[in-house]
Amino acid sequence: MNESSWELFVSSLGPLVLGAITGTIPLALSSFAIGLVLALALALMRLSRQRWISNIARVYISLVRGTPLLVQLYVIFYGLPSLGIVLDYWPSAIIAFSINVGGYAAEVIRAAILSVPKGQWEAAYMVGMSRSRTLSRIILPQAARVSVPPLSNTFISLVKDTSLASLVLVTELFREAEQIAAFSQEFMLIYLEAALVYWVICLVLSTGQGFLEKRLDRYVAR
Amino acid sequence: MSPADPPRPPAPQGVAQSRADAPALLTVRGLQKSFGTTRVLESIDLTVNRGTVLALIGPSGSGKTTILRCLNGLDLADGGTIDVAGYATLTFDPAPGKKQLTTLRDRSAMVFQHYNLFPHKTVLENVIEGPVIVQKRNRAEVTAEALALLDRVGLTEKKDSYPFELSGGQQQRVGIVRALALRPQLLLFDEPTSALDPELVGDVLRLIKELATEGWTMVIVTHELEFAREVASEIAFVDGGTIVEHGAPKDLLRNPREERTRQFLHRLLFPF
């Protein structure tokens with residue numbers, strides 16, 4: 001690497017990291033949080049004994065998983081205005097990513113709930129709990145442990161998928177990279193640098209996953 | 001067992017006394033249950049008086065566990081009635097509402113074959129969960145009561161352990177304490193020692209026997225004939241979804257009236 005490209009590398013790091021901090025990370029965090037709430041609701045709907053309720057969730061999940069995220073993003077940002085619904089960049093992106101995460105995480109949460117032995121429901125009913133209290137106090141805490149690894153996967157994918165938001169004009173890590181690359185014409189260098197920043201973020205997340213798993217494992221035989 | 005008598009739920013009283021004033025704690029009439037097209041319970045009639053220890057014996061698949069689960073509402077019967085301690089009689093055709101089912105569960109507490117302790121809660125938390133969260137009783141009071149019960153079964157030191165740190169026998173004793181802490185009128189045991197290693201069975205059986213002598217009303221599904229003979233005041237032999245024979249242990253075990261009972265006992269006594 002010659003001196004000028006090193007200088008470019010160093011001088012670009014600031015804007016890229018800033019793009020991550022002000023764009024990528026808040027976008028991923030807020031979409032994940034909203035997506036998880038949505039996913040929990042969908043998982044419970046899927047588990048409902050009412051056929052029509054579970055079917056609504058089934059169709060939702062099928063649509064989300066069966067269509068490209070980029071298309072979902074475009075429908076919301078470029079499509080909705082033709083119906084008179086005009087959303088800003090940020091809300092469009094957050095809505096699209098939340099809807100997407102909701103669909104994927106719903107199946108993770110449903111599987112995690114089903115992985116809790118039936119005897120746990122029975123013991124909770126035996127001590128007099130209602131269905132909703134059994135869920136919140138007995139089943140979900142145990143399901144949480146099971147769902148941390150797959151949900152971490154979902155989250156890490158989401159962090160990288162937020163780069164698509166650059167296409168609906170959200171200023172985040174990748175959009176910064178595109179602008180610097182176009183200006184400097186150093187495509188290889190800048191895109192590799194952007195990749196590096198994504199990688200570092202995901203490394204931090206993986207470490208976090210490790211801690212979380214350890215904490216949730218404290219009541220499990222090793 | 002600890003010599004000091006810990007505070008105990010008020011429900012059970014001396015056998016003789018309670019039989020005199022309020023005879024039937026549990027009355028089951030014409031209870032029916034099918035799983036899909038399979039009839040599991042034909043028509044069960046059962047009366048359990050206060051202070052009675054009833055053992056349900058019978059071959060596997062006979063329906064004895066289903067009877068127990070219906071009594072706690074874990075399985076919903078399709079027909080018949082259950083009446084616990086004079087509360088509104090529960091009718092199963094049509095199915096009872098959630099509220100009614102809850103009243104059924106309030107009266108009884110169950111000890112499971114596989115303990116079913118909450119793995120993410122400590123021993124103490126397992127015991128106080130129902131009384132504090134569901135029954136809304138005072139936490140300090142419930143905790144004191146729970147600690148006394150744990151002391152009684154020799155598990156005081158394990159109060160902050162998680163279930164996975166306990167042996168099967170210890171877990172089952174916690175399961176029993178969890179049931180007692182609910183202050184039920186009726187204790188239900190579903191093969192409480194079947195999942196235990198043979199050397200751990202004794203402690204659990206001894207504890208159940210103690211509870212029996214204290215006057216608790218219990219229904220126990222068991223394979224331990226010797227235990228049934230010693231602890232139960234009545235034995236019912238269940239086969240093919242019906243109660244074939246119901247009587248005092250010495251009569252039923254020594255002189256069964258029914259051929260099916262005789263065959264079952266013979267198979268247990270001479271397995272090969």
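**Ground rules.** I count residues from 1 along each chain as its sequence is written, with chains lettered from A and ligands numbered from 1 in the order in which they are written. Because the model is predicted, local features need pLDDT of at least 70 and side-chain atom pairs count only at pLDDT 80 or more, while totals for chains, interfaces and linings use all residues.

**Entry 1, the sheet in chain B.** I looked up the strand order and found an open sheet of 6 strands, β6-β7-β8-β3-β9-β10 (chain B), with mixed pairing. Strands (E, at least two residues) and helices (H or I, at least four) are DSSP runs numbered from the N terminus, and two strands pair if DSSP finds at least two bridges between them. At the edges I noted β6 (108–111) and β10 (242–247) of chain B, each pairing on one side only. On average, neighbouring strands are turned by 20° against each other, direction ignored. Helix α10 (residues 259–269) of chain B packs on the sheet and touches β9 (234–239) and β10 of chain B; its direction makes about 95° with that of β9(B). Contact here is scored when C-beta atoms, placed from the backbone, lie within 7 Å.

**Entry 2, strand β7(B).** I followed β7 (residues 186–190) of chain B, which runs parallel to β6(B) and is joined to it by 4 bridges. B:S108 has B:L186 as its bridge partner, and B:V111 has B:F189. With β8 (residues 217–221) of chain B, β7(B) pairs in the parallel sense over 5 bridges; there the partner of B:L186 is B:T217.

Is β7(B) buried or exposed? I found 5 of its 5 residues buried, so β7(B) is largely enclosed by the rest of the structure. A residue is buried if 20 or more other C-beta atoms lie within 10 Å of its own, exposed if 12 or fewer, and partly exposed in between. B:L186, B:L188 and B:D190 point one way, B:L187 and B:F189 the other.

I checked α1 (residues 3–47) and α2 (residues 51–66) of chain A: their axes come within 7 Å and cross at roughly 130°. Axes are lines fitted to C-alpha atoms, for helices over the stretch in contact, and angles run from 0 to 180 degrees between N-to-C directions. α1(A) and α2(A) are therefore oblique to each other (under 35 degrees is roughly parallel, over 145 roughly antiparallel, 65 to 115 roughly perpendicular, the rest oblique). From α1(A), the contact uses A:L42, A:M45 and A:R46; from α2(A), the residues include A:I53, A:Y60 and A:I61.

Why is B:E145 counted as buried? The reason is that B:E145 has 23 C-beta neighbours inside 10 Å. B:E157 lies 12 residues from B:E145 in sequence and 15 Å away, C-alpha to C-alpha.

I recorded 21 residues of chain B in contact with 16 residues of chain A. On the chain B side, α3 (98–107), β6 and α4 (123–134) each supply at least two residues. α4(B) gives the most, with 4 residues.

Terms used
Contact = placed C-beta atoms within 7 Å.
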